[in-house]
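Hi there,

Here is the structure I promised to pass on.

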Amino acid sequence: MIINVEGLLVYFPYEFIYPEQYSYMVELKRALDAKGHCVLEMPSGTGKTVTLLALILSYIKAKPAELSKIIYCSRTVPEVEKIMEELKKLVEYIKSQSDTEYKQLGLALSSRKNLCIHPEVSKFRIGKEVDGKCHNLTGSSTRAEAKKDASVSLCSFFEVFDTKGREEILPAGIYNLDDLKEYGKSKNYCPYFLARYAITHANIVVYSYPYLLDPKIAELVSRDIAKNSVVIFDEAHNIDNVCIASMSITLTKRYIEQSSANLDALSKIVREMRDRDEEKLRNEYQNLVQGLREAGIRRETDMSMANPVIPDDVLKDAVPGNIRRAEHFITFMKRFVEYLKMRMRVLHSVQESPSTFLKDIKEKICVEKKPLRFCSERLRSLLLTLELRDIQNFSPLTLVANFATLVSTYAVGFALVVEPFDDKISTTAPNPILHLVCLDASIAIKPVFSRFQSVVITSGTLTPLDMLPKLLDFRPVLTASFTMTLARQSICPIIVARGNDQVTMSSKFESREDIAVIRNYGNLLVEMSRVVPDGLVCFFTSYLYLESVVASWYEQGVIDQVLKYKLVFFETQDAAETSIALYNFQKACENGRGAVLLSVARGKVSEGVDFDHHLGRCVIMMGVPYVYTQSRILRARLEYLREKYLIRENDFLTFDAMRQAAQCMGRALRGKTDYGVMCLADKRYARADKRTKLPRWIQEHLTDANCNLSIDEAVLVVKRFLRRMAQPFTREDQLGISLLTYEQLQSEEMRQKIEQRSVQHGN
């Protein structure tokens, strides 16, 4: 259907539309008209992807001078594939409805691991191995060597692409990862480099967050994208954590030792080159200066996006004399690495600011702040000049150089934490770790907000809507939350606050070891397994808590009782084990045996797996998923948020816990014909500060009567709900309520009703 959205003709590739999809289009169009950023919360399973793409592609078709490109960022490769499928369908529909020829070039970009077609390299399954092997075959030094020695192997796909492919523009069409590989095979081009090259002239680019938010990757891939583009961050409820991770660096004792070995290797290579080709080393410094100057000009003329690791003033400064020559720079880095080794000899945790660190390094080894700021660019320039084949072997040294640049560039928004032991490894042997922690999520995303015309941040769990703009330090022109219009109440959120013995259920620290609380959680799982058909997913607050509770359940005979009704599977920290568990969970649900999956909030299952229809008839959240509050890194961030953004510690912790809980709850409902029970098993959820931070589409269905239930009362509510859901339900029942035809959408009465019901604007 073709819909008129405030004067804009929107091509929508389906016969029916949800009321909230229309509301979403209206708000999104207003944000694009205002040429500003927006925060939009839309329930999961309501066709958010196709709504975004339909509105923006129609906007570009109508106003090509105002908007030229879509950059769609998602979290995982399966999500990228889903987006490409929707995009193909949409572009085909627009073609069929257009009088003139409609051409679009859309492509997905992923890592070499997912795009490589080289018969040997593509056999490797680990990303770093594929990157390393690829660089060995495509690096400039290897290619120069191959000209002298015919026995040196190169990547034929890259060579053909480099010779012919750069002159040839990728034909219009929508290319997912498999399509790119097929096209690459047909032309003998490397799909990875083809996609990277095609990004600049593609109309729609779909890739994962790091390509835009991680400065090291964005500098290579996304630097030259046009300003009048719209950037979409889908499933963006954790975007602040992604920004922080992209700007944080963790150095282990092993990394420091490896970087020492890297420096020794570099010294040897530089000595050999000086004997062989001194002119090349002399020119290297000139190339560095020229590169910095060109980067500065590109930024000034808005040709490229800023890189938060290399600030503008570094591009204008002269390179300090003590690191200009390669030998001097290597000696300088050796001193810095020795200093880091000395700093890591600690017996207890130490936390300090970058300025304290710089003061100490100046006093101890007389190293100034200025040369440290140039370390990452200076090393990059040297590695390029030396044309090393195994450049991936120098990643520890690159990490140390990035550390030096960051610590000397940012006086605020960062903290240094040195810990004598690694929390993840249970050992008493000293294993020191040095964290350079980014405390301010806005540093990584600031270049994106300042460069691009419109940035859309959207997800199913963004409540409260004013929190993300504070954390990311930007002013949206519009914030809106959309409810879910349902022809039948297919969501059943309940809060189970106590067991049948009236003992309060809670995962708070004081009571989590209480045997009565653990027994009640076990009873809840047994009772729900008995009354809920097919799949049941249960989330715990952490892997540690999951292990301790399950160990008690085995002793109490809870697991044996659950096995009478359903099979039990576990999520672990091993991705391969979890994949096998998910496959068997699905199999058990398909064949009628039924299954329970015990998993963890913030884990793989809670973030990226959909349990649609019978795979997730009930989701139980065991406790409130607060982060570990004794972590020094978290404490430093909370202190920073309080001082800079006036965000109280408790507000942030509750916001973070509730978005994780809501994310887990959302796994149960993946569409309007789906239904599911959302069971929040902790007394604290009934409090106003927790309840109001749930997304609006869950809050609306959470009645006061269902906020303080015992296990028996919860079972009665669930039985009644499931009996109601078992009644026949057809498309005709939805028409005019939660599903609209073109004619129904045109009526003024319906549009007013949609306007009243579907939108709640943020503050």
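Before that, two words on the ground rules. This is a predicted model, so local features need pLDDT of at least 70 and side-chain atom pairs count only at pLDDT 80 or more, while totals for chains, interfaces and linings use all residues. Residues are numbered from 1 along each chain as its sequence is written, and side-chain values use heavy atoms, leaving out hydrogens and water.

**The sheet**

Seven strands make an open sheet with parallel pairing, in the order 17-18-16-19-20-15-21. Helices (H or I, at least four residues) and strands (E, at least two) are DSSP runs numbered from the N terminus, and two strands pair if DSSP finds at least two bridges between them. At the edges are strand 17 (567–570) and strand 21 (709–710), each pairing on one side only. Strand 19 (residues 618–622) runs parallel to strand 20 (residues 676–681), and five bridges join them. M622 has A681 of strand 20 as its bridge partner.

**Helices on the sheet**

Helix 24 (residues 543–556) packs on the sheet and touches strand 16, strand 17, strand 18 and strand 19; contact means heavy atoms within 4.5 Å. The direction of helix 24 makes about 140 degrees with that of strand 18. Axes here are lines fitted to C-alpha atoms, for helices over the stretch in contact, and angles run from 0 to 180 degrees between N-to-C directions.

**A helix pair**

Helix 28 (residues 632–645) and helix 29 (residues 649–665) pack at about 120 degrees, with axes 9 Å apart. That makes helix 28 oblique to helix 29 (under 35 degrees is roughly parallel, over 145 roughly antiparallel, 65 to 115 roughly perpendicular, and the rest oblique). Helix 28 contributes L634, R635, R637, L638, L641 and R642 to the contact, and helix 29 contributes E649, F652 and L653.

**Backbone details**

The peptide bond from T463 to P464 is cis, with omega near -10 degrees. P464 sits in the loop between strand 13 (454–459) and helix 22 (467–472). C366, which is not a glycine, has a positive phi near 55 degrees, and lies in the loop between helix 17 (354–365) and helix 18 (369–373). H613, also not a glycine, has a positive phi near 50 degrees and belongs to the loop between helix 27 (604–608) and strand 19.

Best wishes
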